[in-house]
Amino acid sequence: MSHEAALHNHEGQGHDDHGHHEHHDTFLTKYVFSQDHKMIAKQFLITGMVWAVLGGLMSVLFRLQLGYPDASFPWLESILGKWAKGGQITPEAYYALVTTHGTVLVFFVLTAGLSGTFANFLIPLQIGARDMASPFLNMLSYWFFFTASIVMLSSLFVETGPFSGGWTAYPPLSALHDASPGSKSGMDLWIIAMALFVVSSLLGGLNYIATILNMRTKGMSMTRLPLTIWALFFTAVLGVLSFPVLLSGMILLIFDRNFGTSFYLSDIYVNGVGALSNEGGSAILFQHLFWFLGHPEVYIILLPAMGMVSEIMSVNSRKPIFGYMAMLGSLFAIAILAFLVWAHHMFVTGLNPFLGSVFVLLTLLIAVPSAIKVFNWLTTLWRGNIRFTPGMLFAIGFVSLFISGGLTGIWLGNAALDIYLHDSYFVVAHFHIVMGVASMFGMFAGVYHWFPKMYGRYLNNSLGYIHFWITIAGAYMIFWPMHYQGLAGMPRRYFDFSIWESFKQFAELNRFISTVAMIVFAVQILFLINFFYSIFKGRKVTVLNPWESNTLEWTTPIRPGHGNWPGEIPEVHRWPYDYGKDGHDFIPQDVPVGADETDTH
Amino acid sequence: MSLYLSVAIIVLIFVVIFQIAKASEYVSILKGEEASRQQNNKINGFLMVAFLVLGFVGIYVCNKAYYGKTQMAQGAASIQGQKVDEMLFVTLIITGIVFVITQVLLFWFAYKYQEDKNRKVFFFAHSTKLELIWTAIPAIALTVLVVFGLRNWFFFTGEPPKNAMVVEVTGKQFGWIFRYSGKDAIFGKKYYKNIDPATNSVGIIWDDKYAQDDILTEQTMYVVKGTPVKLIIGSRDVIHDVGLTHFRLKMDAVPGIPTTMWFTPIYTTKEMREKTGNPNFAYEISCDQMCGNGHYSMKGVIEVVDQEEYDLWMAKQKPQYFTAFPEKDPSAVPVAKADSTTKATTAKM
């Protein structure tokens, strides 16, 4: 077959065709300060995985407190020292863990780890480019992220503890050194880490946009792009437009904290300190700035997962994605609406009720493009020929979770219900399912699907299946019952519920959730073992196109070098979803349109 | 010791699973890619349906075990709360139907259309008609929810009835302060620099003539059954949130920016104790906005009583002015000396 032939051909040509930047790679330039988008993607992925383990471990620790509020674990004291005196996590430590868990998972894992990995890896490969528009900025993007990681990590070791005011960092709590021990130098480090992170994400985002717009190969018109690329494109646009707003909010916060300004502060009397001189600021201003990023951030996390799921689902159903243009339109609609709904996080801040009603309308409007996406995915499966690769399983799991978590969004987006459910466990359940676990599933789907391209080896299938089934069952067992806790009004971010007559009835359920959380965490470790074992010892990929997929990344050699294609970059002649057309199982994008072919979509 | 043991057991389980997985990979290589893929498809296809069925069983079990512990089972304790509950059920029905249909289709399709050599895939790239249908139906359903929701929203956030009693709520790390306006029904002005934790916890300006009959209480607030209550909410330090689970409402307490919320309680605390069968029942105010290390313990209580009991309680309350200036308390006059000092201070003021 032509592909096999092409493979041998390329190998025969050897390295000369890498063109202008074939040079002697040292360890440092190949693995550390690499400018190859594929290596940078792996750096993002592995750093993200390190954070995912740390963040997950933190959740296990605070779930331990919630599940067993009265028990004492001496080994905790030996790990955490004064943060777990007598084997019990202190409230300070609990809040620090919750805060760091949130920050790290949202920004470091599901933003950097997800878009950082797959935008870097897939954009050049799927649009037919040799690398990013600016490989150097791309490298800087990773190293800013790395520096942010180091600063965030170091904040865990500050004597007064890391920041503990919740990942949303609302002032005045986050602005006043004396309001909480976590608001001392831990908070300064937190802000610096976030600022560095914003720089990283801007450098990355600008690069992704420039690459997608300018560096597509011949024939790759915008409507022939795989949906993955469209999703990553909108993600990058969202990031570039919203992260600067967060940065400005953070800078004002630094001023309020350290230089005596009053952007967010007014009329404050701190216990043990007295009345502060700040007057005229607005604590709510920060929330507007924060959520102007914070809401698009949800879609920055979700869209790449949606894009990858669309692609993986189509490939493994052996059927075109249903409604390519509708998928594209709904991505676009979601991206626009993402900027117009931020105040639905603020219904109970005393927001003007009329303004609130506008945000209700716009928020619930998002359900329409979301519904289109769900029904299109379902129709993609319908009358397909489904291969259950682990990637496909996670893609199906993503859709299930997206439905479950998305529907509760309709509850919370309606201000009259939010006024009851706001900041309860209902919210915890909602955003963990729809944003946390669902995007994690998108990420897993991506890793299982593109691992053969990344490392030239397969992940172990059986471990993949175990990983999927326990994770999806566990995720539902953890978060489904939390809806009930939310309907009992149980507030989030509580260290202990035993003093509350209204909320203490869930002690047994909390124990159950904590136990399941530990099992699910253990299974993720199994995935890590699979991942690192398979990099070195996994079954070798022997064919160019193991999933029989249409997109361009599978036309590169099994282990592509810097520059991706040893010879010419292939020319594109069709959209990427010609599966099952005219009796052909699949027709890759670089195959010219035959004379007798029926018209495409 | 038990820790090391459990770690050892976990590691052992990992090793076993890992070895089995590795062995199964060798087996699948021996069998050939095609055959092992078919087998995997069969197993996972079956698991898809099994997951769907077990999932619905799980939902049933969960509902049976925990519905009774939610507020829904108890019923709302305010007219606002009843509207919230009503809306919750309507939303539950609409989203519930969508949930069941989509999840069943998803897992059923996954099972039904698992790979089969003889099936010819249906090349179905788009259909404007179908896409219009599932744009229009959600849009209509959402319009219903939005209209319903906004009517309630404007009722909740609108002006309370004229006969509403007004209570000022102030959050602080980590407790609640309540202020009643006293006989003149007007709150005295306040300024945060006047705060003195011992005698003037909200910073009342004593010079204001309306201030001197203001009553302060901590932790417990009294309101009357059937009378609308308007809360004027503020905070002394960081953002807190007045969470009224049983009344189904909450509102942030923001330093420097007062917020308001109103509700009409329909059961007294006593009635609620009988209704729930819990002798310890209390209308707890929970802080619902992260406010520091004591956040989880920032509890207040609302006592809902009838008018008679409220009047009795109110009669016992002493204006805060007399706590701040005990010498001016008319009930403490008997000593002649005290009388003269009062005059002196008043003259100075």
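I began with what counts as an element: helices are DSSP runs of H or I with at least four residues, and strands are DSSP runs of E with at least two. I note here that this is a predicted model.

**Chain A, overall**

Counting in that way, I found that the secondary structure of chain A comes to 17 helices and four strands. I then looked up the radius of gyration of chain A, which is 25 Å and close to the 25 Å that the globule rule gives for 601 residues, so chain A is as compact as a globular protein of that length. Along the principal axes, the C-alpha atoms of chain A fill a box of roughly 80 × 50 × 50 Å.

**Chain A, inside**

I next asked how many of the 601 residues in chain A are buried, and the share came to 63%. For the contacts in chain A with a separation of 6 or more, I noted that 79% come from residues 24 or more positions apart.

**Chain B, the sheet**

**Chain B, one strand pair**

I reminded myself that strands of a sheet pair through backbone hydrogen bonds, either parallel or antiparallel. Which way do strand β5 of chain B and β8(B) run? I found them antiparallel, with five bridges joining β5 (residues 229–235) to β8(B). Within this pair, B:V229 stands opposite B:F263 in β8(B).

Definitions and conventions:
Residues numbered from 1 in each chain as written. Chains lettered and ligands numbered in written order. Predicted model: local features only at pLDDT ≥ 70, side-chain atom pairs only at ≥ 80, totals over all residues. Rg over C-alpha atoms; globule rule 2.2 N^0.38 Å. Buried ≥ 20, exposed ≤ 12 C-beta atoms within 10 Å, placed from the backbone. Contact = placed C-beta atoms within 7 Å. Pairing = 2+ DSSP bridges.
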